[in-house]
Amino acid sequence: MSESYSTVNPCNMCMPMGTVLAFKGIEGCMPLFHGSQGCATYMRLYLAHHFREPVDIGSSALSEKGTVYGGAANLKEGLKNLIAGYRPKAIGIATTCLAETIGDDIVQIIKEFRIEEPLASRLPIIPVSTPSYSGSHEEGYAKALLALVETLAKRGEPNNKVNLVIGTVLSPADVRYLKDMLNDWGCSDEFILLPDISETLDAPLVEDMPAIPEGGTPLRDVADTANSRETLTIGGRFQKDFAGAFLEENFGLRSNLLPLPIGLEHTDLFVSRMEELTERRLPRKYEAERGRLLDTLADVHKYLAGVRVAVFGDSDIVVGLTRLLTEVGAVPAIVATGHSSPGFMAEIRATSAEPIILCGADFTDIHAHVGKGRVDLLLGTSNGKQISQKEKIPLVRVGLPNHDRVGANRQLILGYEGAGRLLDALTNALLEERSRK
Amino acid sequence: MGGAAKAVSLVKGFEELGMEVVIIGTQTGDSEDYRKISCIVKDGTVIVDDANPLELRELLQKQKADVLVAGVKERFLAYKLGIAFCDFNHDRTTSFEGYDGMVNFAREIDVSLNSPVWKLPKLRASGLGAGAYGNKRELIAMHESRGSAANV
């Protein structure tokens with residue numbers, strides 16, 4: 001834990017930011033922030049820069065008046081404009097610090113709006129309470145997924161499907177990889193993937209750009225999550241709120257959690273679980289990928305042996321990266337995340353006795369620890385670039401944000417293939433550094 | 001594998017590390033070199049001249065070698081067989097000569113021989129069927145045991 005009373009350059013983002021990444025993975029869904037306009041502007045900038053995509057977010061644009069007398073009028077006006085402009089199939093409303101502090105009753109405002117606005121009478125509107133002065137984007141993301149199933153899941157006929165919930169923000173390429181895997185397995189119609197940003201946040205350039213990017217988990221599938229036989233959540237294991245638990249409590253379908261399939265062993269865990277669920281063998285293509293990963297591990301083991309790495313980013317991604325480092329014989333020297341959770345500490349400790357673990361960390365903490373001991377490589381978000389520049393240690397960029405390099409939307413870290421690419425990137429960063437000296 | 005002088009010098013090096021030489025060979029050695037080699041190795045050591053990849057593979061497996069010292073061409077054969085490797089040829093960047101060189105040599109052998117990559121499961125535990133279910137439990141047990149071991 002940080003001993004400092006202030007946070008400087010946090011290693012996490014705020015809750016509303018996380019909600020955008022969940023809502024953007026739903027078909028035709030527009031996110032809207034109830035709060036000051038700056039919140040939406042800042043997130044748009046932050047995410048557009050990372051994904052290199054237009055990331056539209058509505059705002060109720062609260063001003064002094066709305067703040068003092070309540071923001072209902074602004075929110076309704078904002079919703080009306082959003083519907084008129086985008087014709088969304090659903091709207092996700094995330095609150096911000098300001099809306100939470102004045103205590104606006106979002107559920108009540110939505111009720112009133114539905115009565116006043118005939119266009120919105122049947123439009124799914126998903127409220128989620130996300131004051132940014134508490135929690136992190138990891139929590140915001142988990143809370144938005146929970147809000148989606150709370151609002152939309154409807155009991156119906158059993159569908160014999162499995163809900164595959166992506167519990168941690170991944171790249172569009174990672175989600176595409178999972179979808180390709182389900183396809184190759186011949187079971188894509190036996191799973192409901194929630195959420196799906198594979199196309200919405202990595203959209204093709206086409207003749208006539210749609211107002212809302214195509215793709216995302218279909219709304220009827222979100223509703224149908226209540227009728228599946230099981231929920232398998234990958235990542236998001238350090239969150240109190242999560243969609244799987246809600247579906248289990250309210251609709252009686254079993255909820256299972258697995259680590260993200262990052263590195264050999266965690267991908268093995270995922271694959272073996274998938275074999276159980278599908279009662280079908282992993283397709284040959286992926287067995288070959290696994291063999292190639294073993295080969296890559298052997299090929300690079302001498303380069304990475306004993307190399308001391310500082311890892312930082314989202315909890316579940318950091319867990320996966322740490323595990324991969326131990327698999328190849330590198331040393332996770334510092335392991336840091338902006339999110340605070342005892343489960344994370346225990347999980348890292350169980351993976352390796354080596355690292356200094358920083359939970360709820362900021363980049364001042366991480367920098368201080370990097371300065372104290374020997375660190376050969378940095379592995380994490382582009383927010384580590386100041387440490388990289390000052391300490392002259394190469395940074396391998398993984399996760400969100402990646403603001404100073406291109407390709408974040410195409411970066412694959414999942415599965416055997418993703419692990420191989422990570423090992424290549426780590427080794428090449430070292431070789432590049434060595435060739436400079 | 002390599003030139004005769006290197007092969008001879010390594011025998012002593014491995015001995016000092018408490019390791020045993022099970023195969024020794026050169027690409028360019030003459031009969032005098034092989035006479036010298038035969039004097040310094042223990043009984044049971046295979047002495048081979050200019051082995052081709054097929055012969056080398058067979059010998060490595062038959063003699064249950066843990067580490068191969070050779071050049072780049074042989075490196076990836078060793079890796080494919082799950083055998084550690086030390087480069088004593090073009091790719092070597094540290095000196096093996098003298099006291100410091102011996103430390104470098106020991107470190108190089110240690111790094112490859114004791115890498116965790118050789119302990120990773122070559123076969124994946126399947127999630128299918130009754131027999132496979134046991135495998136899955138093993139996989140989870142492994143997952144947890146690594147945890148508890150690190151906690152101690």
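**Close-up views of a predicted two-chain model**

**View 1. Strand pairing in chain B.** B:Ile23 stands opposite B:Val46 of strand S2(B). The two strands concerned, S1 (residues 23-26) and S2 (residues 46-49) of chain B, are paired in the parallel sense over four bridges. Strands pair if DSSP finds at least two bridges between them. Helices (H or I, at least four residues) and strands (E, at least two) are DSSP runs, numbered from the N terminus. Together with helix H2 (residues 31-40) of chain B, S1(B) and S2(B) make a right-handed β-α-β unit. A crossover is right-handed if, with the strands pointing away from the viewer, the path from the first strand over the helix to the second runs clockwise. The model is predicted: local features need pLDDT of at least 70, side-chain atom pairs count only at pLDDT 80 or more, and totals for chains, interfaces and linings use all residues. Residues are numbered from 1 along each chain as its sequence is written, while chains are lettered from A and ligands numbered from 1 in the order in which they are written.

**View 2. The open sheet of chain A.** Five strands with parallel pairing form an open sheet in the order S11-S10-S9-S12-S13 (chain A). Strand S11 (356-359) and S13 of chain A stand at the edges with a single partner strand each, so one side of each has no neighbour in the sheet. From one strand to the next, the twist averages 15°. Strand S10 (residues 331-337) of chain A pairs with S11(A) in the parallel sense over four bridges, and A:Ile334 has A:Ile356 in S11(A) as its bridge partner. Helix H13(A) packs on the sheet, touching strand S9 (308-312), S10 and strand S12 (377-380) of chain A, and its direction makes about 180° with that of S10(A).

**View 3. Crossing of two helices in chain A.** The axes of helix H11 (residues 264-278) and helix H13 (residues 315-328) of chain A come within 8 Å and cross at roughly 120°. Axes are lines fitted to C-alpha atoms, for helices over the stretch in contact, and angles run from 0 to 180 degrees between N-to-C directions. H11(A) and H13(A) are therefore oblique to each other; angles under 35 degrees count as roughly parallel, over 145 as roughly antiparallel, 65 to 115 as roughly perpendicular and the rest as oblique. The contact involves A:Leu264, A:Glu265 and A:His266 of H11(A) and A:Gly320, A:Arg323 and A:Glu327 of H13(A). Residues are in contact if their C-beta atoms, placed from the backbone, lie within 7 Å.

**View 4. Two asparagines with positive phi.** A:Asn9 has a positive phi of about 50° although it is not a glycine, and its place is in the segment before helix H1 (15-23) of chain A. A:Asn9 is partly exposed, with 15 other C-beta atoms within 10 Å. In A:Asn160, phi is near 60°; this residue lies in the loop between helix H7 (137-152) and strand S5 (162-166) of chain A. A:Asn160 counts as exposed, with 10 C-beta neighbours inside 10 Å. A residue is buried if 20 or more other C-beta atoms lie within 10 Å of its own, exposed if 12 or fewer, and partly exposed in between, with C-beta atoms placed from the backbone.

**View 5. Cis peptide bonds in chain A.** The peptide bond from A:Leu194 to A:Pro195 is cis, with omega near -15°. A:Pro195 lies in the loop between strand S6 (191-194) and helix H9 (219-224) of chain A.

Conventions
Contact = placed C-beta atoms within 7 Å.
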